[in-house]
Amino acid sequence: MRLSEFVRTDRIVLPLTDPTLRDAANTLLERLIATDAIAHPEKVAQRILELRGEDIVAMGERAFLVHFR
């Protein structure tokens, strides 16, 4: 799968106004569930609960990517 196939406009939340990174990750998870982008959402939800530093990539001062394998 190519990144451009996964990052579709219906899977983007703008503006993302959640007060914490964990809240933002949950909002994005809800959007991915709604667009049938995740086969096992319960596993991703569990990883969000366990959110660790290595799961986060900072891009400048105001942008973050939460990623899981």
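1. The largest pocket of this predicted model has a volume of about 1200 Å³. A pocket here is an open set of points on a 1 Å grid over the protein atoms alone, where a 1.4 Å probe fits, with protein on both sides within 12 Å along at least five of seven lines; the volume is the space filled by probe spheres set on the points.

2. What lines this pocket? There are 33 lining residues (an atom within 4 Å of a point), and Leu-28, Leu-32, Phe-64, Leu-65 and Val-66 lie nearest the centre. Two or more residues each come from helix 1 (3-6), helix 2 (21-34), helix 3 (41-49) and strand 2 (63-66). These elements are DSSP runs numbered from the N terminus (helices H or I, at least four residues; strands E, at least two). Helix 2 gives the largest share of the lining, 6 residues.

3. By residue type, the pocket lining splits into 25 nonpolar, 2 polar and 6 charged residues (nonpolar: Ala, Val, Leu, Ile, Met, Phe, Trp, Tyr, Cys and Pro; charged: Asp, Glu, Lys and Arg; polar: the others, Gly among them).

4. Next, the helix pair. The axes of helix 2 and helix 3 come within 10 Å and cross at roughly 175 degrees (lines fitted to C-alpha atoms over the stretch in contact, with angles from 0 to 180 degrees between N-to-C directions). Helix 2 is therefore roughly antiparallel to helix 3 (the term applies over 145 degrees). From helix 2, the contact (heavy atoms within 4.5 Å) is made by Arg-22, Ala-25, Asn-26, Leu-29 and Ile-33, and from helix 3 by Pro-41, Val-44, Ala-45, Ile-48 and Leu-49. Of these residues, 8 are nonpolar, 1 is polar and 1 is charged.

5. Thr-27 also belongs to helix 2. Apart from its neighbours within four places in sequence, Thr-27 is in contact with Val-13, Leu-16 and Asp-18. Its C-alpha atom is separated by 9.6 Å from that of Thr-17, 10 residues apart along the chain.

6. Two loop residues deserve a look. Most residues other than glycine have a negative phi, and most peptide bonds are trans. The bond from Leu-14 to Pro-15 is cis, with omega near -10 degrees, and Pro-15 lies in the loop between helix 1 and helix 2. Asp-36, in the loop between helix 2 and helix 3, has a positive phi, near 55 degrees.

7. How confident is the prediction? The protein averages a pLDDT (the predictor's confidence in each residue, from 0 to 100) of 87, and 99% of the residues score at least 70.

8. Some bookkeeping. Residues are numbered from 1 along each chain as its sequence is written, and side-chain values use heavy atoms, with hydrogens and water left out. Local features need pLDDT of at least 70 and side-chain atom pairs count only at 80 or more, while totals for chains, interfaces and linings use all residues.

Notes. Angles under 35 degrees count as roughly parallel, over 145 as roughly antiparallel, 65 to 115 as roughly perpendicular and the rest as oblique.
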